[in-house]
Amino acid sequence: MKIERIDADAFGPFRKETLDLAPGMTVVHGPNEAGKSSWFAAVYAAMCGRRRARGRGTVSQRIFKARHKPWRGGGWRVGATLVLENGRKIHLAHNLRDGGCVLTDAADGHELGLEQLEAELGHELTTSATVDGARFLGLNRDSARATIFVGQGDVLRALNEASELQEYLQRAATSNTVDITAQQALMWLAEQRRERIGVAHVGSRPLRSAMLEVEQARAEADRVRDNYGAFQDAIAGLRRMQTDLSVAQEAVAGLERLALQADLASLEGRIVQVVALTKDLETAVADAPAASALVREVSTALDAHRNRGDEPLAPTGPSSDDLRAQLAALPLHPTGDLEASTDVVAALERSRDAETALSTHSSVVVLAPVAASSSLSADELREIAAAIDAEPPAPDPRVENLPSMRDEHETAVSAHAEALDRHTSAVDAYRAEHEAYAGRLRAYEASRVEYETAYAAYQENRAAAKAPPPKPAPPTGRRPKLLLVAMGVFGIVIGLLLLIWFHPATTVTVVLVGLALLIAGLVGSKPTAPPPVATPSPPTEVAPPQAPTPVRPPETADPGSAPPAPQPRADIASLQAIQDAWVQMCERVERKREDAAAKARGAGLAPDSAELRQLARSIDSVGEETRRSLEFEARRNDLQAAVDSARSVLREALMLRGVSVDAGEGEALAFERYSRACRERQVQAAAAARRPDLEESLRLRVERETAHAEAAAAYASTKKTLLELAARLDFEGATLADAIPQLERWISGQEARRVAEGDQREQAGRLDEMLDGKSIDELIAARELLRHAVGEVREDVPDDLGPRLDLATQRRDAAATRLAQLEGQIAEKAAALRPVAEVIEVEAEAERKLEAVQKLARVMEIAEAHLTSAKDRAQATIAPALAQTMAPWLPRITDGRYGDLTINADDLMIEVQDAEGGWRDATLLSHGTTEQIYILLRLSLAQHLATTDEVAPMILDDVTVHSDPGRTIALLDVLHELSRHRQIVLFTQEQEVVEWAEQRLQPPLDLVVPLVGRR
Amino acid sequence: MSKLLAVSGVGLDRAWPSIGVHGGRQRRALAQRLLVAVVAAARAENAEALLIVGDLLDRRTIMPKTVTLLAGAFASFPGRVLVAPGPRDWHSANGPFGTGDWDKDTHIWQTTAFDAIRLNDSLLVQGSAWTSASAQTVLWPEGAAERGATFLVRAGQADDERSPESVPGAHIVTSGPSMSLHPGCTVLAPLLPEIGGQAGRAVLLEAHEDGQVSQQPIVVGDDPSETIVVDVTPDRTQARFESAIRSAVAGASPFSVIQVTGTLANGLLLPNYSGFELGRTDVVMDYSQLQFESPEPNHAAQDTRTEFLRGILGADEPDEVRHQVVALGLRALEAQE
């Protein structure tokens, strides 16, 4: 298909303008604001039309409208003349404002019906209900915009977004709409799945909600079913209970019939008894008893007479008058102490104790002390005696070994002196031998120096006489090793000199160090010194010098150190010190004894220790007796003071009890007087103490005398009362013996009359009870009614009819109560019973919802699986196809820099192969290369996605702005070549493109269209 | 001549899981109205007896109030009411027939063995009851009555493929999913059938003195339900399809069946998959007659969309599932709303 002409009737800046396009390649050029982009948009709109917007339309629709609606005037129309591959020309006149489109045959101007044309072409020509010219290519207005229309923005996106190429490929691989990737579709499905299904175990999405709803509905259905089953059981129980109640009611009715029969029999008996009682009461006549008060009076008088007992006797013993006389003779209770006060007695005892102590103390005889004659005190005498008797200390037994130990030590010292002499001789011999060795060593050193000088001369002669001699070993280390030898010699000499003045060991050490240095120097010098036997013979006749023979060190052994001197023995010194101390102590004891004897004699006493100690004890005893005499006197004075004090206390105590101590009487006599007065008062008090007993005896006596008088009066009264009653009852006789029998008979007669009267009252009560408020006639009428109720059939009435009827009645009532309760419960259950059918329907509804969600989940799962699989297959297919299309063009537009191209089927990553054969990620290339690959990709997709027989044109807007001139020309050449079978329209502002076009494009296949600036 | 009005499958208080709670309530109310209409029809026909052949009620769901109403309705009928319990209302002592307060003129057969009720000199009715939900072998009584006709009544002895064989000298009255009237056998359809079936169908039986029986189907009550056929072939967009369904549902009477026919275009989702709510539960959607359009992928194209179509068309899935998978997949691949 080719676009022949664009009619911009009213589009953006255009009004009634046209743009003719060549069937091959058309380059439309002009400066900025010349209208290139508007023509690009006009070509798109003229070919594809515009989606009819719903409301305000989408964002892209609003942007398109804002940019390209007419700048002035009304309408918004654009048209295109399309030439199909079969040569047919169709003109599309789009009304972009309402989405309408008029299709006409461009050859004859006839309008074409859409359905007719669709039927003719075999495919739809509308997208979203508006005519879409991209449908001629098997595309739609969206996919056409994404493939055959390449704008500046598309290229810029590809340049700025590294992943744009890959994503674009993925979109292309997904569908020819090229507006969504398969991954996005899968994500959309996943989102739908999350929103409309969710997961089963968490959240509140439909699947979980439906599952919970089913679970709750099932639980509710089970609960309602259980309630319903319980209700039905209750109904069945109600029926059983109704049967039980009927049985109980029949049992009660039977027993009640028997009870009526029993009632009839009872009533008949009552009527017989009523008739008999009435008759008895009518015939009964009895004397009335006397007044009950008189009967009680007679009866009481008789009882009092019978119970009067014997005649009362007068009381014995002292009369009340006697007792009153005794009371009058009793003394009064005395005043004062009845016995000695305890304070007085205690004071008396303390006084007596003090006097006893004084007298006892005074009875002891105390001798006067006798004085002793000495100027020394007792202690001094005892010290002198102790010094005289003092003994020297005993010696240490170990001191006995001291002489033998001294002999052994002296022997060891002698042996050491001899060994020291032998060692001195050996040292002298050793020193002489080493002095000789030192002399030999000095001679050797001088000879060696001479040898080296001679050998150097020898070498010089050889060098001068012949070719260069073999290179001698470098004299490395020679100087330091000579220094070692010298130091060794010096050390040995110093060591030998030291032997003269110092210890042999130090000398030997210094000598050995010197020897070691010497040997080290000698040994180290050997390799550098040319050995005499190895020296090559010079070609001349001069003989080499002879090397001196090294001296050997002396072979005499070192005598070592001097023998050690024997050590002084500590045990000998220790024993000697012990012995010296013992001797000093003996001397001190002896001196003390002599001083003590002199001191005794100086005091005029013999230096006898026993006499001195006896004299000391005498002096001590005189002091003790004096002290005891003084103590005795002090004690006696104390006791006398105590006696005086005790007597004073006793006197005061007596004074307090009202007893004064007369002068010369003494406290003891005064106490006797006080004690006697106490005893007298005690006797008086004992006599006065009898008064309460006598007073009580008098009161009792008076009572007994009064009681006796009253009893005697009562005894006489019973007789009088009986006689008076007998007189009142008009009994014969005036004696008590006559009255009593008559009175007793009278009482018996009155009792018989009272009994008869009681019997009559009881019969009347029984009659009233039998009648029970009714008359005899009424009882007879009731009997007749009962006879009628009972009928003629009579059954045996059991003895326990009453209990049986009670039991049956209780059972009936209980059954009725239970039935009523159950009916109430059933009524409650029935009221609360939820229709089982409804819960089944709720459960089914919940299950339907769950099933619907599960079916949707299943469908989504299948869709996801197939979409994933399809994505993989599509990518695996489109990748090599696109690569195969693009690969031949790549080296041409990249000037051979990249020779091949691959597209990975897994991720649609594009890689290009450079001139060295290395593969590079297309997203990492330069802008120019990326731009060219992108254009190639669009060309390839236009070829790949167009599914009809039509060849899709390509419309490009300034797509080479990032390419260098060489690549631009290469791309233009490719496009020109492609334009032989695919219409190419290129909008550009680049001068080099215009120049290329003017040189290369040839009408009528090609066309260069200049645009005039509109600014 | 004796007349009996015979019905079956009143289904009082039974559950209607397919139409939800609201529809179920309406359906149960309809059952009660139909029962009243049956009694009225029997009275109008001067029938001597009303013969209920099985499934008068659902013993698992019957409410006590309904039993009371039922007993009252039967008591109001001047003739006899003969009830042969069927598989849904089989008899037991604890069931509604055993515990209800039934009128003396209401006779309920209680045993599997046939029990005879003589209505008059010219008609003997022998009935048998289901005593459990499971089918039992029936031993039809042998021998005809000495005079007049004999009806052998037992519910649930016919289905769509078979009817009981005739018994000489007797006329069998039984029930099945659909009505069929043959000489010697009357098969009653449910008075209130499943959603979509015609309700209110009864049979008037006339027993003649010579033992002959005539059968006359009658319709009682009003059945508002209908079957609405919606051809969705012209509906090429989801909006038009949903509009067509919505219109049909909105105008349907209760208990109607919306039978969706024709071919469902590619890319269209059924209500269950699109989330479109019907808005009513008392109508039933029937997609059993619906065909599903199959997409024809472009043989030349090899993009994901085409590969997806190829893949799903080759999948071993039911047509409905395959079609809905295609619709969902295409919706995912196209620009989403």
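**Sheet, helix pair and pocket in a predicted model**

Modeller: In chain B, strands E13-E14-E16 form, in that order, an open sheet of 3 strands with parallel pairing. This is a predicted model, in which local features need pLDDT of at least 70 and side-chain atom pairs count only at pLDDT 80 or more. Residues are numbered from 1 along each chain as its sequence is written, and chains are lettered from A in the order in which they are written.

Colleague: What makes E13 and E16 of chain B the edge strands?

Modeller: Strand E13 (227-231) and E16 of chain B each pair on one side only; two strands pair if DSSP finds at least two bridges between them.

Colleague: How do you know that E14 of chain B pairs with E16(B)?

Modeller: Strand E14 (residues 257-261) of chain B is joined to E16(B) by 3 bridges, and at least two are required, so the two strands pair. Val257(B) has Val284(B) in E16(B) as its bridge partner.

Colleague: Why is H11(A) called roughly antiparallel to H17(A)?

Modeller: The axes of helix H11 (residues 342-362) and helix H17 (residues 609-656) of chain A come within 8 Å and cross at roughly 160°. Angles over 145 degrees count as roughly antiparallel, and therefore H11(A) is roughly antiparallel to H17(A). The residues of their contact divide into 15 nonpolar, 4 polar and 6 charged.

Colleague: Which helix supplies the largest share of the lining of the second largest pocket?

Modeller: H23(A) does, with 8 residues.

Key: Side-chain values use heavy atoms; hydrogens and water are left out. Helices (H or I, at least four residues) and strands (E, at least two) are DSSP runs, numbered from the N terminus. Axes are lines fitted to C-alpha atoms, for helices over the stretch in contact, and angles run from 0 to 180 degrees between N-to-C directions. Angles under 35 degrees count as roughly parallel, over 145 as roughly antiparallel, 65 to 115 as roughly perpendicular and the rest as oblique. Ala, Val, Leu, Ile, Met, Phe, Trp, Tyr, Cys and Pro count as nonpolar, Asp, Glu, Lys and Arg as charged, and the others, Gly among them, as polar.
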